[in-house]
Amino acid sequence: GATFTRIDWVAREFRDKLGYVPYPGTLNLSLSGDAWEQARERLQQAAGIAIVPPRGYCAAKCFEVLINDCIEGAAVLPDVADYPPDKLEIVAPIAVRQELKLQDGDRVSLRVRIE
């Protein structure tokens, strides 16, 4: 995630479309169960906010999120055929993991804005 968020065109796309340049890196969530499968399907079908790459890079879409009712960020869904179905990457203008003092395996709440 840190490499991805530091790419010039990625930072520019997020700044232009979300209003901020993401903190270097992503918060990777591991999700499972029927509720996640239904949510993921809904996200895949929704338009979201398009992250348009230059030629040779993969596209993505994102959705504004609220993490633990206090940090605004975005869930990113890369348009990659073999992307792990249990993974959801979160970007934010701050270091979410440090701000929330998260450890591997900790739970977070996530409110996703789907339009």
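Helices here are DSSP runs of H or I with at least four residues, strands are runs of E with at least two, and both are numbered from the N terminus. With that settled, Glu 13 lies in helix α2.

Before going on, a word on the source. This is a predicted model, where local features need pLDDT of at least 70, side-chain atom pairs count only at pLDDT 80 or more, and totals for chains, interfaces and linings use all residues. Residues are numbered from 1 along each chain as its sequence is written, and side-chain values use heavy atoms, with hydrogens and water left out.

Back to Glu 13. Is Glu 13 buried or exposed? It is buried, with a relative accessible area of 14%. The cut-offs: buried means under 20% relative accessible area, exposed means over 50%, and partly exposed is in between, with a 1.4 Å probe and protein chains only. What does Glu 13 touch? Leu 18, Ala 50, Ile 51 and Val 52, leaving out residues up to four places away in sequence. Contact means heavy atoms within 4.5 Å.

Just after α2 comes Gly 19, with a positive phi of about 90°.

Next, the cores. A nonpolar core is a set of buried Ala, Val, Leu, Ile, Met, Phe, Trp, Tyr and Cys residues joined through side-chain atoms within 4.5 Å. The largest has 16 residues. Which of them touch the most other members? Leu 27, Ile 67, Leu 88, Ile 90 and Val 96. Two or more residues of this core come from each of β1, α3, β3, β4 and β5 (87-91). Take Ile 90. Setting aside residues up to four places away in sequence, Ile 90 touches Thr 26, Leu 27, Leu 29, Val 65, Ile 67, Ala 74, Ala 75 and Leu 110. There is also a second, separate core of 11 residues, and Phe 14, Tyr 20, Ile 51 and Ala 74 are among them.

Now the salt bridges. Side chains of opposite charge can pair when their charged atoms come close. The cut-off is a side-chain nitrogen of Lys or Arg within 4 Å of a carboxyl oxygen of Asp or Glu. The structure holds 5.

One joins Arg 111 and Asp 69, at 2.7 Å from N to O. Why does this pair tie together parts that are 42 residues apart in sequence? Because Arg 111 lies in strand β6, while Asp 69 lies in the loop between β3 (60-67) and β4 (71-78). Arg 111 is exposed at 53% relative accessibility. Asp 69 is partly exposed at 46%.

Another pairs Arg 97 with Asp 104, at 2.5 Å from N to O. Arg 97 is partly exposed at 35%, and Asp 104 is exposed at 66%.

Then there is Asp 16 with Arg 15, their closest N and O atoms 3.3 Å apart. Asp 16 is exposed at 53%. Arg 15 is partly exposed at 42%.

On to backbone angles. Asn 68 is in the loop between β3 and β4, and is partly exposed at 28%. Lys 101 sits in the loop between α4 (96-99) and β6, and is exposed at 67%.

Past β6, look at Arg 113. Arg 113 is partly exposed at 49%. How many residues separate Arg 113 and Glu 64 in sequence? 49, yet their C-alpha atoms are 5.4 Å apart in space. Arg 113 touches Phe 63 and Glu 64, again not counting residues up to four places away in sequence.

Last, the lining of the largest pocket. On a 1 Å grid over the protein atoms alone, a pocket is an open set of points where a 1.4 Å probe fits, with protein on both sides within 12 Å along at least five of seven lines, and lining residues have an atom within 4 Å of a point. Here 20 residues line the largest pocket. Which lie nearest its centre? Leu 29, Ser 30, Leu 31, Asp 106 and Val 108. β1 (27-30), α3 (34-45) and β6 (110-112) each give two or more residues to the lining. The largest share, 4 residues, comes from β1.
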